[in-house]
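Have it open beside you while you go through the points.

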Amino acid sequence: MEDQILALTEQLAAVTNAAQVTNTMFAETYYFLSIPLMVLIHAGFLLYEMGQTRVKNVLSSGIKNLLAFAFTIVTFYLFGWWFYWALPTFPYDLASGAGYMAISGIEYANAIALPWGDSAQYMGPNMGDHASGVFWGAFALFAATTASIASGALIERIQTVGFVICAIVLGSFAWVVAAAWGWHADGWLVTEFGFHDFGAAGLVHAVAGFFALGVLMNLGPRVGKYNDDGSANKIVGHNLPLTVAGLMLIIVGFFGFLMACIILPGEAWSWYADGGTTIYGTPMTLSALGFNIVLACSGGIIGAWIVTKDPFWMMSGCLAGIIATASGLDVYFGSHIIIIATVAGMIIKPCAEWLEGLGIDDAVGAVTIHGTIGVFGVVVLGIFGSGIPGLGAFAPEGTVAISLWGQFVGAVVMFLLGFVPGYIVSWLLHKAGMLRVPEAVQIKGLDPVKVPAQAYPEVMVSPDTEA
Amino acid sequence: MGYFADSFTELYADGAWIDMGMYIGAGGSSPGWYTLIAAVMLVVILVVGNKGEQDSYDKHK
């Protein structure tokens with residue numbers, strides 16, 4: 001009898017160990033596969049941006065977008081990841097110490113997020129660590145997404161290296177600070193204000209959109225965009241089908257983006273042993289995303305169609321539908337999603353035209369679709385979701401719940417974290433002569449001047465290109 | 001420089017891999033030096049890239 005109990009105990013231990021290995025490998029694979037899905041966001045932004053560009057600037061726009069991706073990811077490795085772990089409690093704690101969950105603060109960041117010294121063991125191959133690389137990879141793609149968002153607004157007149165510097169500041173600093181404050185269980189926006197932003201409407205989209213606005217104010221419009229009387233001309237991109245297909249690819253990529261926002265169960269870093277959660281430890285399933293993402297896409301398309309009848313704005317509406325609901329994809333019912341996404345789809349074009357009337361030449365509507373709709377989504381969750389607990393079951397007593405005030409404060413912080421760094425870095429680049437492409441080059445075309453390749457046969461030229 | 005172990009056998013004990021960095025230079029200072037070199041390379045590339053870009057604009061002003 002004792003032998004049988006001993007044998008069964010050993011078998012149970014072996015089965016338990018095997019189950020843990022399976023869970024760990026599943027979690028590692030889950031986040032790993034979210035990374036190539038998010039690369040599709042960049043494929044989409046590449047097509048979107050190039051399609052919205054005139055023939056004479058197509059390849060320059062593509063180069064700019066590719067470099068945003070590359071430099072953002074490299075600098076996110078060098079220092080961006082460190083900011084995420086170091087700053088959640090700053091400036092509430094000026095020394096940036098650890099928060100209640102003890103996974104934040106400068107000391108913690110120094111131990112896990114620097115590519116040198118002892119912490120380097122968590123920044124490279126390590127058979128005992130199946131989490132750091134895939135989490136880092138997913139976050140790096142979030143970072144690159146912010147740069148891609150801003151990229152489209154600035155096409156056809158921003159210098160390449162100047163833009164790369166903007167992309168580094170946005171992707172490896174500005175949005176990372178927003179994530180540390182509002183997308184971390186120890187973040188002060190979460191613990192002090194109950195800020196909730198499951199799918200990063202504020203901390204990715206609003207930050208990137210308003211960063212673009214800050215840059216646009218120093219960059220100025222494309223040559224020929226505005227007439228002497230202040231009225232705006234429509235500068236048509238060379239390939240609307242490419243743009244629309246690009247937008248659809250962005251939507252596909254967002255399924256990867258949003259699945260990576262779920263914390264899987266059963267690991268040392270999980271909130272629970274048996275259920276998925278948001279990054280705040282509140283309950284969440286992939287199944288909820290199954291309902292809500294596709295409904296958000298549909299609502300956005302329908303709302304944009306009824307106002308614009310234009311496929312560009314309809315696909316932009318699809319994206320706006322996701323962004324408007326992203327903060328509360330974990331708590332909204334399907335009918336909430338339909339209403340919010342449809343309204344978002346309806347307001348994007350009027351908002352973009354209002355901005356254009358102020359002299360801001362946003363070539364792809366990024367400030368509106370990501371910035372304005374991102375803030376809209378954050379605040380709307382405060383209206384529908386007030387009173388929902390802000391953190392999961394292991395949170396400290398007295399944790400602040402979601403509220404309209406907390407979401408409003410979060411929205412203001414996201415606006416400032418985008419706009420202020422964008423304005424300052426572009427102002428400095430402007431003073432250094434590294435921001436705006438000279439007018440003669442804009443008229444001739446950026447590709448003939450600085451790209452040793454040709455996008456299309458020479459019979460295809462922009463009608464406004466000078467020989 | 002170099003790998004820190006002569007055999008993977010010593011890194012696999014009691015049915016599990018040892019929890020440590022397993023890359024060239026792990027446990028030493030060389031990863032930090034390579035990080036520094038990579039960072040300097042990126043800065044130089046941006047400087048050179050900007051110089052080339054300004055030259056191309058100057059030719060077409």
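Is Ala102(A) buried or exposed? Ala102(A) is exposed, as 10 other C-beta atoms lie within 10 Å; the cut-offs are 20 or more such atoms for buried, 12 or fewer for exposed and anything in between for partly exposed, with C-beta atoms placed from the backbone.

1. Ground rules. This is a predicted model, where local features need pLDDT of at least 70 and side-chain atom pairs count only at pLDDT 80 or more, while totals for chains, interfaces and linings use all residues. Residues are numbered from 1 along each chain as its sequence is written, and chains are lettered from A and ligands numbered from 1 in the order in which they are written.

2. The loop between H2 and H3 of chain A. Ala102(A) sits here, and its phi is positive, about 60°, although it is not a glycine. Ser96(A) is in this loop too, with phi near 50°, again a positive value in a residue other than glycine. Ser96(A), though, is buried, with 20 other C-beta atoms within 10 Å. Helices here are DSSP runs of H or I with at least four residues, strands are runs of E with at least two, and both are numbered from the N terminus.

3. Beyond its neighbours within four places in sequence, Ala150(A) is in contact (C-beta atoms, placed from the backbone, within 7 Å) with residues including Cys166(A), Leu170(A), Phe211(A) and Ala366(A).

4. H4 against H5 in chain A. Helix H4 (residues 132–153) packs on H5(A) at an angle of about 130°, with the axes 8 Å apart. Axes are lines fitted to C-alpha atoms, for helices over the stretch in contact, and angles run from 0 to 180 degrees between N-to-C directions. H4(A) and H5(A) are therefore oblique to each other; under 35 degrees would be roughly parallel, over 145 roughly antiparallel, 65 to 115 roughly perpendicular, and the rest is oblique. The contact of H4(A) with H5(A) has nine nonpolar, three polar and no charged residues. In that count, Ala, Val, Leu, Ile, Met, Phe, Trp, Tyr, Cys and Pro are nonpolar, Asp, Glu, Lys and Arg are charged, and the others, Gly among them, are polar.

5. H1 against H2 in chain A. Helix H1 (residues 2–51) and helix H2 (residues 58–86) pack at about 155°, with their axes 9 Å apart, and are therefore roughly antiparallel to each other. His42(A), Phe45(A), Leu46(A), Glu49(A) and Met50(A) of H1(A) meet Val58(A), Ser61(A), Gly62(A), Asn65(A) and Phe69(A) of H2(A). That set divides into five nonpolar, four polar and one charged.

6. The interface. Contacts join 21 residues of chain B to 25 residues of chain A. On the chain B side, helix H1 (residues 30–59) gives the most, with eleven residues. By class, that side of chain B has eleven nonpolar, seven polar and three charged residues.

Note on methods:
Two residues are in contact if their C-beta atoms, placed from the backbone, lie within 7 Å.
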